[in-house]
Amino acid sequence: MARVHNFSAGPAALPRCVLREAQDALLDYAGTGMSVLEMSHRSEAYRAIIEDAEATLRRLLDIPSSYRVLFLQGGATLQFSGIPLNLMRRGRAGYVVSGNFARLAWQEARRYGNAEVLASSEATGFDRIPGLDAVERRAAAGDLDYLYICQNNTIFGTQFRTLPDCADTPLVADVSSCFLSGPLDIERYGLLFAGAQKNAGPAGVTVVIVREDLIADGPARADICPTYLDMRVQAEKGSMYNTPNTFGIYLCGKVFRWIEQTDGLIAMAQRNRAKADLLYRTIDESGLFQGTADVESRSLCNVTFRTCDAETDEAFVSHARERGIEGIKGHRMAGGLRASIYNAVSMDSVSALAACMREFELSRGARSM
């Protein structure tokens with residue numbers, strides 16, 4: 001059966017070469033006589049896997065030695081609690097609520113201290129990144145334990161073009177849906193984290209990159225912080241406080257290698273920009289389709305758009321499915337349509353979607369602008 005053009009928001013498309021390599025390892029990994037799914041996480045063979053995954057990620061992102069890399073479970077959602085439990089030492093943090101996941105993170109942090117909303121775009125339906133002037137002034141005041149952002153908003157299709165200037169306040173960022181889509185200046189962050197299921201691997205692995213001094217003294221709320229969420233413990237145990245997601249980490253390592261072997265993150269960013277430009281140009285030139293995110297906040301990872309009404313949206317989803325295009329129905333909170341164009345989504349797939357949109361528009365008698 002032919003593979004579809006997969007625009008799912010996550011779990012998302014994986015590189016075909018990685019899937020083939022994993023397929024080979026399912027019965028016999030590297031001559032060990034056992035599957036990569038079967039081996040002990042304490043074995044020498046598996047230790048080499050997790051160490052190579054971390055080393056490759058460090059090379060890709062040029063991660064300084066003063067930052068620890070953790071491969072955890074529980075999804076990015078568990079870190080909505082883990083971050084305030086570890087970092088909220090004075091009991092006060094600032095949040096930029098630019099979408100649903102930032103809102104959920106803020107609501108969770110309120111359980112552990114004073115989590116202030118410093119800016120929000122909820123009033124305009126999360127269609128943009130809110131202004132950051134007041135946020136930067138608040139961060140510069142120096143009384144926040146950290147400033148929290150969700151760098152790319154998967155549901156609403158918006159993305160920070162520039163990071164806020166936080167002065168000495170640590171910047172904490174959920175980068176789940178833009179992780180590894182291009183270079184990151186790691187030293188701009190105190191902590192960044194990502195669910196792997198967008199660009200980095202399968203669902204079930206969460207990558208946390210944290211500045212070592214922020215966790216050196218243990219969790220801020222040691223009285224209530226579960227040991228599993230204690231980042232100092234996880235760092236000391238090499239992400240093996242308990243049995244990790246061994247197969248997921250193995251696949252992440254293979255994806256990291258694939259990015260490295262396809263010329264790294266600068267080249268990946270260029271390819272992703274070209275894919276986004278094609279889709280946004282198709283939308284902007286259309287008389288039927290319209291973008292839903294403010295032009296200055298448009299995401300390069302999740303392109304959100306709609307037609308004239310919900311019925312036509314559904315008709316387009318069906319039209320696309322008949323042409324082997326899947327995963328373009330918008331999130332239930334936002335409606336409309338969405339194409340997630342992560343790293344493993346090829347330009348061929350994006351071109352197929354753009355052609356399908358033009359074909360559908362002509363079939364409806366809509367006239368391009």
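User: Is cysteine 308 buried or exposed?
Analyst: This is a predicted model, in which local features need pLDDT of at least 70, side-chain atom pairs count only at pLDDT 80 or more, and totals for chains, interfaces and linings use all residues. Residues are numbered from 1 along each chain as its sequence is written, and side-chain values use heavy atoms, with hydrogens and water left out. Buried means under 20% relative accessible area, exposed over 50%, and partly exposed in between (1.4 Å probe, protein chains only). Cysteine 308 has 54% relative accessibility, so its class is exposed.

User: Which cysteine has the closest sulfur to that of cysteine 308?
Analyst: A disulfide is a pair of cysteine sulfur atoms within 2.5 Å, and a search of the whole structure finds zero of them. For cysteine 308 the closest cysteine sulfur is 16 Å away, too far for a bond, and belongs to cysteine 356.

User: How are the rings of phenylalanine 126 and phenylalanine 156 arranged?
Analyst: Rings of Phe, Tyr and Trp (its six-membered ring) pair if their centres lie within 6.5 Å; planes under 30 degrees apart count as stacked, over 60 as edge-to-face and the rest as tilted. The structure holds 10 aromatic pairs. In this one, the centres are 5.2 Å apart and the planes are at 55°, which makes the pair tilted.

User: Why is the pair of phenylalanine 289 and phenylalanine 316 classed as it is?
Analyst: Phenylalanine 289 is buried at 3% relative accessibility, and phenylalanine 316 is buried at 0%. Their ring centres lie 5.0 Å apart and the planes are at 70°, so the pair is edge-to-face.
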